[in-house]
Amino acid sequence: MPDPDLFRPQQTASSDDAPRGDDESADADRLREERDFWKSLFENLVQDFPEPVLVVDDDGTITHWNDPHVELSGITHEEAIGNKAIDVIGTEGVTETLAEEIARTGESVSEDKIRSNTGDDNEWHIRAAGAPLRDTDGEPIGAFEYINIVTDLEKRRREIKNVQEEITDIVHGAVDDLLETTEQNAETNDQLRRTSRAQVQNLETIRDEMESLSATVEEVAASADEVSDQSVTAAELAGESKAKTRAIGDAIDEIREAATALADHSRDLQARMEEIDTLVDVIDGIADETNLLALNANIQAAQVGSGAEGFTVVADEVKDLADKSKEEVATIETIVDEVRANTDETVERVDTTLEQVDDAIDHAEAVDEMQSEITQAIDEASAGIEQIAQATDEQAATSEEVATMLGDAVEEIEQIADEVDTLAEVNGAQAESVRAVREDVNELESSLESA
């Protein structure tokens, strides 16, 4: 180990201490010692460096090649040192090595790209870095390059990448399946929500219709009760009408009997008028004969002369009486004609009345039959209305129960719809979470690839 004082600047001897020639010799010796020290130190650094190291001069010739480099490349010291770096470790398509580039440009380089050799059993992965070696004036005179062996790291990275890819595939598959399922659930939830809402509206409509139907049924039941009461009243009125119709029939029968008797009496009167006509004709004949006898009496009295004045007077009186009788007979004939005409008219009217009475009897009998049918129909209608009233009462009760059940069903479906809405929100949040997980996976994958 060189003396540590070699690292410190040496004081220049004065003219009083030693001759100038001795001083220059001492400085030369010190400089040689320092050179040897730093050279040895540099060589030891290269040799003991745990990673492969090579050193080139400004011409690109390899001056140092440590054992790790021999192990890595399989190139011995003798094969490397003294030869151009590009000839020793050159790569196809490359005109200079990294060390040569550093020596030429005078700039430090740290490669990001990993170099790999997987073509044989000696698989290795490296990443190189280096810095220029400068003289005292700062000019590059060579380059120091070391190889960072990242084979194990690269293998682990590849293993991690493979695992990461498998995990990514699994996660992506699971996320995609979960997202697809979530989207399907979202679609199903939307359909279920729409169906639930539509069902709620339908049930609300049915409920309203059932409530309206229940009210209508109650009105029908009330109307049926009222109609039943009216039917009872109608039955009573029909019975009374039937009784009155029978009474009218009886009265019409009595009228027919009276009319028949009147017709008989009128026909008897007509016969009497015929007899009166006969009598009138007889009286008229007697009056004519009396006038003739009076005329003959006057003729005889005139022939007798004065002794027959009394007889003439009697004859004149008889003649006057015969004339008056004839006049009365004419009046009787006129009255008889009028009575006959009235009697004939009465007979005709009685016959017409009898025909009308017969028609009235027929109508009364028809009305009686119709009243019987009406009564029977009313009885049947009353029975039917009672059944309708009972059925409508039962229907009203059933409608109320159905309306109540529909109301409960509407409330339950509304709760289901609300739960579906909540489920849709949760499903949407879950979908967003799944998408966020997928983005996180993608970011993690990118981070791992970058690493």
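Which residue does E96 meet in a salt bridge? The partner is R104: the side chains of E96 and R104 come together with 2.7 Å between N and O. The structure discussed here is a predicted model.

## Confidence of the model

The average pLDDT of the chain is 77, and 90% of the residues reach a score of at least 70. Residues 1-18 have a pLDDT below 50. Leaving aside near neighbours in sequence, this stretch makes twelve contacts in the model.

## Salt bridges

Side chains of opposite charge can pair when their charged atoms come close. In the whole structure, a search finds seven salt bridges.

In the pair named at the opening, E96 has a relative accessible area of 24% and is partly exposed. Elsewhere, D27, R30 and E34 belong to one network, joined by salt bridges that share partners.

Another salt bridge links R32 with D29, and here the closest N and O atoms are 2.0 Å apart. R32 is partly exposed, at a relative accessible area of 40%. D29 is likewise described as partly exposed, at 32%.

R35 and D36 also form a salt bridge through their side chains, at 3.3 Å from N to O. D36 is partly exposed, with a relative accessibility of 40%.

## Nonpolar cores

The largest nonpolar core contains 18 residues. Which of these residues touch the most other members? They are V56, I62, W65, A80, V88 and A143. Several elements each give two or more residues to this core: the strands β1 (53-57), β2 (62-65), β5 (124-134) and β6 (140-149), together with the helices α4 (85-89) and α5 (98-105). The largest share, four residues, is supplied by α5.

The surroundings of V88 can be described in detail. When residues up to four places away in sequence are not counted, V88 touches I62, W65, I75, E79, A80 and N83. Among these contacts, I62, W65 and A80 are also named with V88 as residues that touch the most other members of the core.

Technical notes
Residues are numbered from 1 along each chain as its sequence is written. This is a predicted model: local features need pLDDT of at least 70, side-chain atom pairs count only at pLDDT 80 or more; totals for chains, interfaces and linings use all residues. Side-chain values use heavy atoms; hydrogens and water are left out. pLDDT is the predictor's confidence in each residue, from 0 to 100. Contact means heavy atoms within 4.5 Å. A salt bridge is a side-chain nitrogen of Lys or Arg within 4 Å of a carboxyl oxygen of Asp or Glu. Buried means under 20% relative accessible area, exposed over 50%, partly exposed in between (1.4 Å probe, protein chains only). A nonpolar core is a set of buried Ala, Val, Leu, Ile, Met, Phe, Trp, Tyr and Cys residues joined through side-chain atoms within 4.5 Å.
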